[in-house]
Amino acid sequence: MSTALRPEPFADAIFRQLIASLPRADNERPAWHVAEPYLVRHAAQHAASAGLADELLQDPGFLVHADPETVTAALRQATSPDARLAAAVYRASQGVHRDLRADQRRQILALDAARFQAADLSYDFARSTDWRPLWATGTQVSSALTATLTGHTGPNYGSFAVATAVVNSRPVAVTAGDDRSARVWDLTTGRTTYTLTGGAFAVATAVVDGRPVALTAGFEGTVRVWDLSTNRVIHTVTDRTGSESAVAMAVVDSRPVAITSNYHSRGRIDTTVRVWDLATGHAIHTLTGHTLKVHGVATAIVNGRPVAVTVSFDQTVRVWDLTTGRNTHTVTGHTGGVFAVATAVVDGRPVAITGSYDQTVRVWDLSTGHVIHTLTGHTASVSAVATAVVDGRPVAVTTGSDRTVRVWDLTTGRAIHSLTGLTSSVIAVATAVVDGRPVAVTGSYDHMVRVWDLAADRAINTHTGHTGSVSAVETAVVDGRPVAVTGSSDQTVRVWDLSTGRAIHTLTDLTYRVSAVATAVVDGRPVAVVGTSSRGRMQVWDLSTGRAIRTLTSQLTATTVATAVVDGKPVAVSDGDNGGIQVWDLATGRATYLRLTGLFHQVSAVATAVVDGRPVAVAGVYHPDTRNGTLINAAVQVWDLTTGRAIHTLTGHNRSVSAVATVVMDGRPIAIASGEDPMVRVWDLATGRVIHTLTGHTREANAVAAAVVDGRPVAVTGDDDTVRVWDLSSGSCLTTFTLPHAAGRVTIAEDGTVVVGMGNEVIALTLQPVFRRLR
């Protein structure tokens, strides 16, 4: 979305003189890290005045060090392909890096450039860092993202509402979130222009008597109508029966009315919808018929009469005449609760578009109650629906728990495109027109409001990859090439060339979510052992051919797995969900079972090592309180895999241990254990003593890996939006890299390549810069 300005006289000369005043860096580019504050703040404005915004946006140093607010304004001036690519990279994680230090912003921009397959730009951003991105799948970035608006806070109750309006000729969004505030945003600048007080849970907008108004409904049952031109309350309705979950507005007999549904009424689930006369504050209709909670309300004109369309968890869609309060149609067809509804006019017919827990979107003719289209493609529940006009055609914009925004042609029922770039479920959507282009405005669980260009150029491509969260990462060597092996909740395992990021195999037919992956060599061939969410089912895959060669069955569920060699035979070691460890002979498929000792009843993580010449399993174990789900005891236990006996119980962890890795340091086997507390402990497996306690993470560190790189034993830990690399000999942190989102899984190869699972994405980074610095 470009709004490039016409150059002003003499602006070119002024801009170039300002840039020439900057010292030069080693690469002969301007040294923005030592720029005067005026330039950091105003260079973008001078570039825009000179018509040279493209030139400035292609300078990585400027994007790293310039004031984020002025950079955001400059992004709208991008016109050339390289400048638009740089703008897409900057916007991808703008809601995260805008408040970070310049060095942290540099790291995220380097990574996001790799996610957009912009290798040269990624290299330029990472030029002075301790690590460098090699490749990334980029399945959760999109060039259609034009802005990320931050400001809402609070717990994740899953409530968010978005509506749009035009105020004083400028497009605005009105949002309500878990923090019970309603904010008005200027969609052109991305700034909050006003905060509507009084608390809000649901929001709608309309034009009443020529004035743009917003309707907000709060937890306390008060519905307020705001004049968006003055930001003043012009009507108040008090619903003493409960708190509103959905609101809409209409005009009935020349009177503005509000249509509301409640979450609860006097402590009970409310299945009614009320219609309020906003001038008097009195309810004029109570609409009854739904048998479960009403989750969405929209309005339309059908045969010249105003109607309300309501959707409910009872799987029905009901159409109500707002003049009489009568139910004119009850429409069925959804096989799950219906969460969302919007209306439009298609080929002169009023239609309703509904989204459901059954993962479908349905388009209904409001005059007849018949289904026109059933739109399929979402892979989880559809929680929000809006409509717009794109290129002269009516479209529906739908969002949901699959973290996508999908756009559908309402005339043909065909999918136009799917927008990615979200790391949490989307629970609200509205549409508007900004700078002459149609946009969607979404709200999600992460409290962020995002703006998407619905007509964006799709020329900026990204790799394909996992479509669900990455749940496991490992490395191996296949046909002499190092590879990464990743598992996901999308029920696939993918094998990637570690150097190039090229997909070698996609292992399918798993039928269940992948919970764990480990690699081994069986009969001279590299294999992956894959644990799934299916009870009693693990599979062994040949990594050279991509074919399943064995299924390991038992009565237990494996959520973590490692491999070892016992008595010369390759084995897999996995957890069991009834208080023990399973050991599988990978050649025969036979399993033995080791029961936990002491107070521990559950296994949360497992790794293997060799202690005094004997193979051992190192397991995170805990004892939950079955009465309330809290943790009573947590530790790391070490088991001799030859005898099946426990050797050590390593205590000191305050919460459950969710990740364990092992490595050899100075000839001694050690374990690195991390979990739901931010501290990472390093244990000597021969003596059972703590060697180091690694501190620095601010939240739980649920991902850990270890290897010997360049002769130095190192550990990699993550899960709090940072990944930290530790020298295990000294216990010191060698480097930290900041990610736009939490690293759910990590592993490290012996050449210093770190593979990160971040959301649905797989990212490969090399640590060679830091090891060169340490030599």
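## Aromatic pairs

Ring pairs join Phe313, Phe339 and Tyr357 into a cluster. The model is predicted: local features need pLDDT of at least 70, side-chain atom pairs count only at pLDDT 80 or more, and totals for chains, interfaces and linings use all residues. Residues are numbered from 1 along each chain as its sequence is written, and side-chain values use heavy atoms, with hydrogens and water left out.

A pair of aromatic rings is described by the distance of the centres and the angle of the planes. Rings of Phe, Tyr and Trp (its six-membered ring) pair if their centres lie within 6.5 Å. Planes under 30 degrees apart count as stacked, over 60 as edge-to-face and the rest as tilted. By this rule there are 5 aromatic pairs. One of them is tilted: the ring centres of Trp131 and Phe737 are 4.8 Å apart, with the planes at 50°.

## Where the rings sit

Trp131 lies in the loop between α9 (119–125) and β1 (132–136), while Phe737 belongs to strand β55 (residues 732–738). The pair therefore ties together parts that are 606 residues apart in sequence. Helices (H or I, at least four residues) and strands (E, at least two) are DSSP runs, numbered from the N terminus.

Phe313 and Phe339 form an edge-to-face pair, because their planes stand at 70°; their centres are 5.4 Å apart. This pair also links distant parts of the chain, 26 residues apart. Phe313 is in the loop between β18 (305–312) and β19 (317–321), and Phe339 is in strand β21 (residues 338–346). Phe313 is partly exposed, at 30% relative accessible area. Phe339 is buried, at 17%.

## Helix packing

Helix α5 (residues 68–75) packs on helix α6 (residues 81–92) at an angle of about 135°, with the axes 10 Å apart. Axes are lines fitted to C-alpha atoms, for helices over the stretch in contact, and angles run from 0 to 180 degrees between N-to-C directions. α5 and α6 are therefore oblique to each other. Angles under 35 degrees count as roughly parallel, over 145 as roughly antiparallel, 65 to 115 as roughly perpendicular and the rest as oblique. Pro68, Val71 and Leu75 in α5 meet Ala87, Tyr90 and Arg91 in α6 (contact means heavy atoms within 4.5 Å). By class, this contact has 5 nonpolar, no polar and 1 charged residues. Ala, Val, Leu, Ile, Met, Phe, Trp, Tyr, Cys and Pro count as nonpolar, Asp, Glu, Lys and Arg as charged, and the others, Gly among them, as polar.

How does helix α2 (residues 37–49) meet α5, and at what angle do the axes cross? The axes come within 9 Å and cross at roughly 10°. That makes α2 roughly parallel to α5. Val40, Arg41 and Ala44 in α2 meet Glu69, Thr70 and Ala74 in α5. These residues divide into 3 nonpolar, 1 polar and 2 charged.

## Positive phi in loops

Most residues other than glycine have a negative phi. Asn168 is not a glycine, yet has a positive phi of about 50°. Asn168 lies in the loop between β3 (161–167) and β4 (170–176). Asn168 is exposed, at 61% relative accessible area.

Asp391, not a glycine either, has a positive phi of about 55°. Asp391 is found in the loop between β25 (382–390) and β26 (393–400). Asp391 is exposed, at 72%.

Methods. Buried means under 20% relative accessible area, exposed over 50%, partly exposed in between (1.4 Å probe, protein chains only).
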